Amino acid sequence: MELILKPKTLNKENFKKFGEVVSIENRDSKTINNGYAEKYFELSTMDSNEKGGKSTLHIYVAKKREFPLKIDMLEKHPFFSQTFMPRSFKPFMAVVALGEEEPDLSTIEAFITNGNQGVHYNRGIWHFPLISLEDKDQFIVIDRTDCNQSENKITECIEFEIKDTKILLDKRIINGKQQ
């Protein structure tokens, strides 16, 4: 079987079953620092405390992907959520699917951000690794560090190889606009 994914423009409604869109668009804020800053609060809620974990901030420097991109695996983090926020304000893509033990490929979807949006994957959401459209784009990533060094350490990442279905991610946006 072959499946061609065309990314949808990311928005709060079409992404909510996978997580949250990280954006200040249509969000409440409050003025802080004697009027020198606007605080947009609780844009996503990290889920990382399983067995003594803590939330950590990283910077990833991504390599540009070539298209059409073969989606030959998906991964998930069963014990924590994960947030990706571009530092460059350039669009990037996300491929996600629902499923428990393995991804349910009937739910696989692709999204493209507008460059001002990030994505927050809920705990256990299957996703393809970071899909950058530019070389050396930097992303702020917030996820979990395992503070427990004993035998109770959690499984941080589960990978699933897609064998029976050929999935290609098209770079064009679903409404026909060329990226």
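Which backbone atom lies 3.4 Å from a polar atom of the side chain of threonine 113? Keep that question in mind as you look through these views of a predicted model.

**View 1. Threonine 113 sits in the loop between S11 and S12.** Here is the reply to our opening question: the backbone nitrogen of glycine 115 lies 3.4 Å from a polar atom of the threonine 113 side chain. Is threonine 113 buried or exposed? Threonine 113 has a relative accessible area of 6%, and buried means under 20%, so this residue counts as buried. Setting aside neighbours within four places in sequence, you can find threonine 113 in contact with Leu10, Lys90, Pro91, Phe92 and Val119.

**View 2. Threonine 107 belongs to the loop between strand S10 (92-97) and strand S11 (109-112).** Look for its side chain, which reaches the backbone oxygen of aspartate 104 at 2.7 Å. Threonine 107 is buried too, with a relative accessible area of 16%. Which residues does threonine 107 contact once its neighbours within four places in sequence are left aside? They are Phe18, Val96, Ala97 and Leu98.

**View 3. Five strands form an open sheet with antiparallel pairing.** At the edges stand strand S3 (19-22) and strand S6 (54-61). Each of these two has a single partner strand, so one of its sides has no neighbour in the sheet. On average, neighbouring strands of this sheet are turned by 15° against each other, ignoring direction.

**View 4. Strands S9 and S12 run antiparallel, joined by 3 bridges.** S9 covers residues 82-86, and S12 covers residues 118-121.

**View 5. Stepping back, the chain contains 1 helix and 17 strands.** Its radius of gyration is 17 Å, close to the 16 Å given by the globule rule for 179 residues, so the chain is as compact as a globular protein of that length. Along its principal axes, the C-alpha trace spans about 60 × 50 × 30 Å. Of the 179 residues, 40% count as buried. Among contacts in the chain with a separation of 6 or more, 81% come from residues 24 or more positions apart. The chain exposes about 10300 Å², and carbon and sulfur atoms supply 46% of that area.

Key:
Residues numbered from 1 in each chain as written. Predicted model: local features only at pLDDT ≥ 70, side-chain atom pairs only at ≥ 80, totals over all residues. Heavy atoms only, no water. Helix = DSSP H or I, 4+ residues; strand = E, 2+ residues; numbered from the N terminus. Buried < 20%, exposed > 50% of the residue type's maximum accessible area, 1.4 Å probe, protein only. Polar contact = N/O pair within 3.5 Å; in protein donor to acceptor, adjacent residues only side chain to side chain. Contact = heavy atoms within 4.5 Å. Pairing = 2+ DSSP bridges. Axes fitted to C-alpha atoms, helices over the stretch in contact; angles between N-to-C directions. Rg over C-alpha atoms; globule rule 2.2 N^0.38 Å. Areas by Shrake-Rupley, 256 points an atom, 1.4 Å probe, with all protein chains shown as cover.
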